[in-house]
Amino acid sequence: MQHTYRFLLAFSLLSFATASAGRAQSLVSGFLPGKGHGSVVVSGTLERYQSVYLAPEKINRVPIFDRVEVSSVNLYGSYGITDKLEAVVSLPYIQSKGFADEQVLREQGYVNKRAGLQDITLLLKAKLFSAEIGTNVLDVLGVVSGSTPVSDYKSESGLGYIIAIGNGARKVSGQGVVHLKTLSGVFVTGQAGYSLRDNSAPNAFVAETKVGYAGPKLYVDALASFQKSDKSGTDILQPGFTGFFPATRVDYVRLGVSAFRPLAKGFGLTVGAATYVAGRNLGKSTGVSGGVAYNF
């Protein structure tokens with residue numbers, strides 16, 4: 001079973017982009033790989049949205065661009081420094097494509113596509129406490145992470161940056177994780193924390209709940225993730241909005257499912273899907289993802 005748990009790190013890659021104001025990624029699981037073990041994963045994601053969650057209500061078309069497609073390739077690596085301490089790194093390449101009319105693009109000086117490397121994220125996860133509850137095991141973990149842009153992608157003022165690939169903000173986050181795993185392979189993970197951002201991006205409370213099964217030949221899970229930004233942010237096209245999208249309040253509720261199948265010689269395949277069911281200042285996107293993982 002421990003061999004299976006080390007594969008589960010691949011699911012950190014099943015992330016789905018939001019709107020131009022920010023990106024939602026979950027790099028945290030309740031499992032640890034063990035000293036000297038880890039994973040390298042390459043995954044791809046494709047998402048689309050046409051409706052947009054604005055304040056006070058949702059609209060059916062993306063302003064200027066009508067609809068948006070976002071594709072990404074992500075490189076992920078993890079390593080067990082000790083049996084209780086893990087390091088994680090993640091770096092995505094993102095392409096965001098709009099469908100604005102060519103005449104509008106010429107008149108406004110906009111473009112229909114933006115692409116580039118986005119933000120590199122470094123994360124440390126430590127097991128702080130573990131206890132047996134009958135035949136079950138309860139773990140409490142602490143997580144600290146930071147991210148920063150690695151390219152000069154633009155996220156400036158103007159409606160043309162609806163399709164920006166990120167908000168250009170540096171972030172520092174801390175989270176607490178509670179993870180309950182049963183002898184049958186069923187597990188429940190809950191996490192919550194706070195994210196500090198610069199570049200006028202509002203700080204945010206983030207949380208996630210995950211329920212799943214981790215067996216020797218199959219992993220499946222269902223998740224619900226949540227973000228609530230500070231009220232210091234603005235709302236798109238509302239009073240106080242200057243056209244600078246990183247400063248907007250990005251709230252969301254996201255639901256998703258994922259699965260993982262180990263293959264021979266340390267390799268495995270991941271698949272997943274997710275959709276936003278509520279939000280503020282982001283696209284109502286639905287995405288699918290898949291990847292190849294190598295466990296060592």
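User: What makes the link between the side chains of aspartate 221 and serine 258 a polar contact?

Analyst: This is a predicted model, and in it the contact between those two side chains comes out at 2.7 Å.

User: Why is aspartate 221 called buried?

Analyst: Its relative accessible area is 6%. Leaving out neighbours within four places in sequence, its contacts include Phe187, Lys210 and Val257. As for where it sits, aspartate 221 belongs to strand β14, residues 219-229.

User: Moving on, how do you know that β6 and β7 pair?

Analyst: Count the bridges: there are 14, in the antiparallel sense. Pairing takes at least two, so β6 and β7 pass. One example is glycine 80, whose bridge partner in β7 is glutamate 86. A hairpin of two residues connects the strands.

User: What else makes β7 a paired strand, and through how many bridges to β9?

Analyst: Six bridges join β7 to β9, running antiparallel; valine 89, for instance, partners leucine 122. Then β8 is joined to β7 by five bridges, again antiparallel, with tyrosine 93 opposite leucine 117.

User: What makes β4 and β5 count as a pair?

Analyst: They have two bridges and run antiparallel. The rule asks for at least two, so β4 and β5 qualify. Tyrosine 53 stands opposite lysine 58 in β5.

Technical notes
Residues numbered from 1 in each chain as written. Predicted model: local features only at pLDDT ≥ 70, side-chain atom pairs only at ≥ 80, totals over all residues. Heavy atoms only, no water. Helix = DSSP H or I, 4+ residues; strand = E, 2+ residues; numbered from the N terminus. Buried < 20%, exposed > 50% of the residue type's maximum accessible area, 1.4 Å probe, protein only. Polar contact = N/O pair within 3.5 Å; in protein donor to acceptor, adjacent residues only side chain to side chain. Contact = heavy atoms within 4.5 Å.
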